[in-house]
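Biologist: Can you walk me through the side-chain contacts in this one? Keep it short, please.

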Amino acid sequence: PSSQPVSTIGGNVAENAGGAHCLKYGVTTNHVLGLTLVTPEGEVVRLGGKSLDAPGYDLVGLMVGSEGTMGIVTEVTVRLLRRPQGFKTVMALFDSVGQASDAVSGVVAAGMLPGALEIMDKKAIIAVERGPLRVGYPEGQEAVLLIDVDGLGAGLDAQVEAILKICREAGCTEVRPAKSPEERLKWWTNRKGAFGAAGNLAPNYVVQDGVIPRSKLTEVLAVVAEVGEKYGLTIANVFHAGDGNLHPLICYDEKVPGDTGKALKAGSEILAACVRAGGTISGEHGIGIEKMSDMKVVFSPDDLAVQRAVHDALDPRDLCNPGKIFPAE
Ligand SMILES: Cc1cc2nc3c(=O)[nH]c(=O)nc-3n(C[C@H](O)[C@H](O)[C@H](O)COP(=O)(O)OP(=O)(O)OC[C@H]3O[C@@H](n4cnc5c(N)ncnc54)[C@H](O)[C@@H]3O)c2cc1C
């Protein structure tokens, strides 16, 4: 995850964390082979193994993403991947987020699978450019698409060219290839620092984590803008465009009476719009406490009762992270 400098492997497993490169490499659950768990009753159990698809029920799959509500993970066996032989990183600039989103849909529809396709809108660009991680995006730039391609060195240039052709057809105005590994790192550090940079727009922010079909990016981003106007709040957008995973950064000032409530309501309205568009309320950050009531938007009372029954089979006394995930009945 972009929180990699501070997050823990246990937290990544608990949240089934994702991130910019999940388009190609999958999320945490795709890499966890086995784990050691301290159950709510204090028993130490070993689940899974050292290879894929251990026999019996997939209890590792159940634990990954369970948000610490079924026990504490103390040890994890992960699948290691070989480092790609080469990388190419290109920044593509667009006059609108809609054009950048169309380019992303075009790339995936053409059957290509880049390592990452990340978009930042104008407000997010302003936020990062005001801070120490600035990379020099043109002033007033409406949208930037960061493209990472990796794999065997021999095919990379051809892949990048094919992607850029689609970008140009979608209206890309300028392309900048990273000139060195240092420049690539600088761009990614800038992108991964975008959440924190929201502090350059307002004293507080709350980030949402809705997911939508890629083809609905433009439509739902228009709703995000409308919600911002309705509540009088700045909303910057940074998103894993290849996965349709939106991260609207809803900026507010907790010292202004009512602002916190407005930011939370705005977040719920955005999530409801994601669900209406055929998506869901969380891509990678989980439910926790903040989104408990939003669970009712995607799950029926029967669905929730079944999930609760699974939880209660493992933690009948509600000892692990009580009061999370499930909305009040
Ligand atoms: C700036 C920023 C960027 C982020 N970017 C991403 C991103 O790109 N992708 C993404 O998926 N998420 C992202 N996140 C969300 C979050 O950082 C990740 O989900 C991360 O995996 C959480 O790990 P953590 O160690 O910080 O967990 P915590 O926040 O400490 O804990 C999260 C939950 O997991 C439980 N937990 C923690 N450790 C264990 C354990 N060992 N066993 C059982 N339960 C446990 C905790 O009780 C808590 O309920 C971001 C957050 C921030 C602030």
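Cysteines, charges and the ligand

Modeller: I'll start with disulfides: a search of the whole structure finds 0 of them. Keep in mind that this is a predicted model.

Biologist: Which cysteine sulfur is nearest to that of Cys22?

Modeller: The sulfur of Cys274, and it is 18 Å away. Cys22 is in no disulfide.

Biologist: And what about Cys172, how far is its nearest cysteine sulfur?

Modeller: That one belongs to Cys167, at 5.5 Å. A disulfide needs the two sulfur atoms within 2.5 Å, so Cys172 is in no disulfide.

Biologist: Is Cys172 buried or exposed?

Modeller: Cys172 is buried, because its relative accessibility is 12% and the cut-off for buried is under 20%. Cys22 counts as buried too, at 15%.

Biologist: Switching to charges. How many salt bridges are there?

Modeller: The search of the whole structure gives 14. One of them joins Arg317 to Glu41, with the closest N and O atoms 3.0 Å apart.

Biologist: Where do those two sit in the chain?

Modeller: Arg317 is in the segment after α12 (301-314). Glu41 is in the loop between β1 (32-38) and β2 (44-48). The pair therefore ties together parts that are 276 residues apart in sequence.

Biologist: Which residue does Arg46 meet in a salt bridge?

Modeller: Glu75, at 3.4 Å from N to O. This pair links distant parts of the chain, with Arg46 in strand β2 and Glu75 in strand β3 (residues 72-78). They are 29 residues apart.

Biologist: What does Lys88 pair with?

Modeller: Lys88 forms a salt bridge with Asp157, the closest N and O atoms being 3.2 Å apart. Lys88 lies in strand β4 (residues 86-94) and Asp157 in helix α6 (residues 156-170), so the bridge ties together parts 69 residues apart in sequence. Lys88 is partly exposed, with a relative accessible area of 33%.

Biologist: Which residues do shared partners join into one network?

Modeller: Arg308, Asp312 and Asp318. Salt bridges that share partners connect them.

Biologist: On to rings. How many aromatic pairs does the structure hold?

Modeller: It holds 0. There is a charge over a ring, though: the charged end of Arg184 sits over the ring of Phe87. The distance to the ring centre is 4.0 Å.

Biologist: Last topic, the ligand. Which residues come nearest to it?

Modeller: There are 23 residues around the ligand, and the nearest are Ser2, Ser3, Thr8, Asn12 and Gly18.

Definitions and conventions:
Residues numbered from 1 in each chain as written. Predicted model: local features only at pLDDT ≥ 70, side-chain atom pairs only at ≥ 80, totals over all residues. Heavy atoms only, no water. Buried < 20%, exposed > 50% of the residue type's maximum accessible area, 1.4 Å probe, protein only. Salt bridge = Lys/Arg side-chain N within 4 Å of Asp/Glu carboxyl O. Helix = DSSP H or I, 4+ residues; strand = E, 2+ residues; numbered from the N terminus. Phe/Tyr/Trp six-rings, centres within 6.5 Å; stacked < 30°, edge-to-face > 60°. Lys NZ or Arg CZ within 6 Å of the ring centre and 35° of its normal. Near = heavy atom within 4 Å.
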